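I opened my notebook to keep track of a few things I wanted to look up. Here is the structure, followed by my entries.

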Amino acid sequence: MKPMHIRPRPSRREFLRAGAMTVAAAGLAGCAKNPVTGQSQFMLVSEEQEIKMDKEASPQQLSNDYGTTLDTSLNKYVSGVGRSLADVSHRPQMPYNFHVVNANYVNAYAFPGGTVACTRGILLNVDNEAEMAALLGHEIGHVNARHTASRMSSQMVIGGLSTLGGAAIGAKYGGAWGTVAGGLGGLGAGLLLASYSRDDERQADALGLEYMTRADYNPEGMVGLMEMLNEQHSREPSAIEVMFATHPMSSERLATARQAVNKKYYGAKKYAFYRERYMDNTVDLRKLGPAIRDMQDAEKLGGEKKYTEAEDKMGRALKLAPNDYTGLLLMSKILITQEKYGAALPYAEHASEVYPGEPQASQVAGVLQLKAKQYDKALASFEAYDKALPGNPYVGFYKGYAQEGLDHRREAADLYYKFLQKVNKGDQAQHAYNRLVEWGYVR
């Protein structure tokens, strides 16, 4: 390998000039017709960009939420309900896809291109299919009204530069403790899942009611959903704080839904709730309910830094569900916070065996394998992560670190150099640069 020079960072003036050029180019898009209202609205984000951003950011968020459920029949059921609502929405042409994710916290969210997810934590609290249709219809409403694209268009002008780039996702969206390995957060998801305004929520509520009744669901399902969320928040706010942060809830929204059901949608009360069908399709999930509630308690204790109690509670959960992917990874994270790295590794490796191809387990296992100086295993783990979620520059660093541990200097140097082309500050960048200087690849 020839000696190399590290590319200097752009100056602040160059960065702002590039941002201004991006906004100027985007400004050519001007206004667009809102698919819901039919009115012209300021819009700098095209439908193609919405889909592109979704494809880039949603896989990371789904993994942060421990991946799509391995209960394929449950996911097929939820997807079928979601698809029936999307088909009667204002943008049926969007590439919708629906996921039940393995996270325990109570939430649902939508990316602008049509990726919709609900956690297993919220489905445990839903009582019937009409309530689930209300939940999914609300999220589809955000997609149809282009709420994320509209907010981003405003931010692009106010900020003076494009916000279409990456923003590291916070622990807020990944459950307690967030991402264990520093630097392996996702790109863009935090921006795309930022909180909606109350006006956005009102409109999504109205659209959810419209879509669910078009699909022949009893509109009282929306009222039941909101009552459940408000009651849950009053009883145990920590279990639902993310839902309320990203979807501002209020008694006014509940009252508005009741009024709409009793007036505009009164005739639709003849439609069914499909409670029995919901119970039949969620039977396996509900069997996991006691274990999931123990995990929720453990996450709460972890957030309070009561790690010993969290470990005990998670141990109880794993006795009930010894092969639960989320439980195994959560136990690994709890042990990591206590610096019990040797004890944490088997849980992360077991999680990888339970759900091969789901990248979060590969990430956590890889970091722990590096800690244990199991460099060959760590390299394989990060290769698996990179295959599932390509494009994260920090994976390249960790692969380089594993190659360095294996005394494969040339391979390590190549990976370090590529990493520094994308990241040139922080502890990892400093380590990579120091090694390239030490080995004579950079002068």
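**Helix H11**

I checked the length of helix H11 (residues 251–262) first: its twelve residues at 1.5 Å a residue should span 16 Å, and the end C-alpha atoms are 17 Å apart, so the two agree. The expected span is 1.5 Å times one less than the number of residues. Helices here are DSSP runs (H or I, at least four residues), numbered from the N terminus.

This is a predicted model, where local features need pLDDT of at least 70, side-chain atom pairs count only at pLDDT 80 or more, and totals for chains, interfaces and linings use all residues. Residues are numbered from 1 along each chain as its sequence is written, and side-chain values use heavy atoms, with hydrogens and water left out.

Which residues of H11 are buried? I found Arg253, Leu254, Ala257, Ala260 and Val261. Seen down the H11 axis, they fall within an arc of 125°, so they line one face of the helix; the arc is that of the directions from the helix axis to the C-beta atoms. Buried means under 20% relative accessible area, exposed over 50%, and partly exposed in between (1.4 Å probe, protein chains only).

These buried residues pack against helix H5 (129–144), helix H8 (198–214) and helix H9 (220–235).

**Two loop residues**

I looked up Asp216 in the loop between H8 and H9. Asp216 isn't a glycine, yet its phi is positive, about 70°. Most residues other than glycine have a negative phi. Asp216 is partly exposed, at 37% relative accessible area.

Lys373 also has a positive phi, near 60°, and is exposed at 62%.

Methods: Contact = heavy atoms within 4.5 Å.
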